[in-house]
Amino acid sequence: MDDDAALLRRYRNGEAAAFTQLYERHRLGLFRFLLGLCGDHALAEEVFQDTWMSLIRSASEQREAVLFKTWLYQIARNRLIDHWRKSGRHQGKLAEYDEVQHASADPGPGPEQQLLLSRDQERLQAALADLPEEQREVFLLRAHGDLELAEIAELTRTPAETVKSRLRYALNKLRRLLADPASAEEVSA
Amino acid sequence: MSQQPHDLQQERELLEHFRQHSQGEPSAAVDALILDAARQAVSPPAPRPNPVQRLHAWLFGAGSRTRWSVAVAGLAVVGIGLNLALHTRDQLPQTYDAPAPASAPALQEMAPVMEARKQSAEPEYKKAEQAQRSSAGSTSFAVSPAANAAPRPIAPPTPQAAAPVGALADSAAPVEADVARDQAQATAMLKQKAQAAARSSEAPEKPLAEASPKVLQEALNEDQLAETLGHSAVPEAPPLELRLRTLLQLRREGKQAEADRLLAALKQEFPQRDLESELKRLQREAEKPASSR
């Protein structure tokens, strides 16, 4: 199976099927990353379409050192930030405050709780929305983009250690928010 | 140390949980739009049709009916516009706002001369009217003898007649400049002739026999001059009376053949006039001053 860079090269050489393959590979992950980041389906679709269009129109090849996936997610992220800047409506949650709050006494769910995490979509979305923006971004890039910490650090231009701690805080908070006490009680009983 | 793998496992489970239960995907329309755009971006551009094909497509392709109707309507508008423009241009000289032509001063100059000519020819006019009354049998529209005999005066412009003259004065057709020049020349010559005629009419006691043949010849030449200039305002024929007097003069001088030729020509020209009685009358008038002397 060709890697992303090879597919992109084939597409640039006029093979439209290579693009379809590339698109199918990253379609869901990119869209869910955007949707999780902005929480607005219409806006996510707009930025999603804009991202792919800019990839189609851009004749430039991706840099050798950067993975296609990192490049794609970076374009999408920048487009969304541009949109927020233009609209001036987005106000991210202060990460420092949240990190201070959750850094110290977060016992984390036990093994039972981990298996009984809420599958309710509203709770998942609410828990995600409750994360500070930087943590949410790192978590989404990790969850939907399947990016490594180093790649996330490069994409967000943040030190790798900061990315690592943000991911840890995000995971702890999500575990706590999504733990389903009722189910846990049932299991323990 | 055992915490590290445990954390990693927890992380993987949570991420997987999120991946499995996350929902939301782009609509099919967005998918189609993106994939279509990608296909179009790499598809080679369609070969550009040659001019003949493009013209054929333009004339007979989609929307050709509209194009045809627009083209025909455009042609019709252009045709109507041209027609209107040409007609309007033809009517321009008669409009009030056209620049003044060169013929206007000539016309203005001509007016007093014509007035003088009218006054000088007035007695002959009256005579002509009398003669017309006397000729009872003539019911046709024959021209009165005096009207032919005397140079036709140009009536002073009436208010109604002044309008076209004014309009003419306003028009500046270059062709009329030549006509104006001719008119000016004719006016100058007519002035001289009018003075000569006035002199001859102001001296009735002077017998015609004594009149200079040169004057008569000049009077005859007026016809030629008018023909040369082609102007309607100039008298077309010399006065009949003058010609009859010339005839009498010729008879007196013994030039019978010339006199007969002239008489024949006059009879041909004025078949309804009683030229013999006119001659007798003139003969009497010529003899009267001689006998009174």
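This is a predicted model: local features need pLDDT of at least 70, side-chain atom pairs count only at pLDDT 80 or more; totals for chains, interfaces and linings use all residues.
Let me start with a stretch of chain A that calls for caution: over residues 93–98 the pLDDT stays under 50, and the model has 9 contacts for those residues beyond four places in sequence. For chain A as a whole, the mean pLDDT is 79, and 72% of the residues reach 70 or more.

Turning to chain B, the mean pLDDT is 68, with 46% of its residues reaching 70 or more. Residues 202–211 of chain B have a pLDDT below 50, and this stretch has 13 contacts in the model beyond near neighbours in sequence; residues 230–234 of chain B also stay under 50, with 10 contacts beyond four places in sequence. As for the scores of the model, the ipTM is 0.79 and the pTM is 0.45.

Of the 293 residues of chain B, 17% count as buried, and of the contacts in chain B with a separation of 6 or more, 69% are between residues 24 or more positions apart.

Now to the contact between the chains, which takes 29 residues from chain A and 24 residues from chain B. On the side of chain A that touches chain B, at least two residues each come from α2 (16–38), α3 (41–57), α7 (121–130), α8 (133–143) and α10 (160–178). Which of these gives the most to that side of chain A? It is α2(A), with 9 residues. Sorted by class, the side of chain A that touches chain B has 16 nonpolar, 7 polar and 6 charged residues.

Let me stay with α2(A) for a moment. There is a bend of about 45° in α2(A), and it falls at A:His26. At 1.5 Å a residue, the 23 residues of this helix should span 33 Å, and the end C-alpha atoms of α2(A) are 31 Å apart, which agrees. Just after α2(A) comes A:Gly39, which takes a positive phi of about 75°.

Notes:
Residues are numbered from 1 along each chain as its sequence is written. Chains are lettered from A and ligands numbered from 1 in the order in which they are written. Two residues are in contact if their C-beta atoms, placed from the backbone, lie within 7 Å. Helices (H or I, at least four residues) and strands (E, at least two) are DSSP runs, numbered from the N terminus. Ala, Val, Leu, Ile, Met, Phe, Trp, Tyr, Cys and Pro count as nonpolar, Asp, Glu, Lys and Arg as charged, and the others, Gly among them, as polar. A residue is buried if 20 or more other C-beta atoms lie within 10 Å of its own, exposed if 12 or fewer, and partly exposed in between; C-beta atoms are placed from the backbone. pLDDT is the predictor's confidence in each residue, from 0 to 100. The expected span of a helix is 1.5 Å times one less than its number of residues. The bend at a residue is the angle between axes fitted to the seven residues ending there and the seven starting there.
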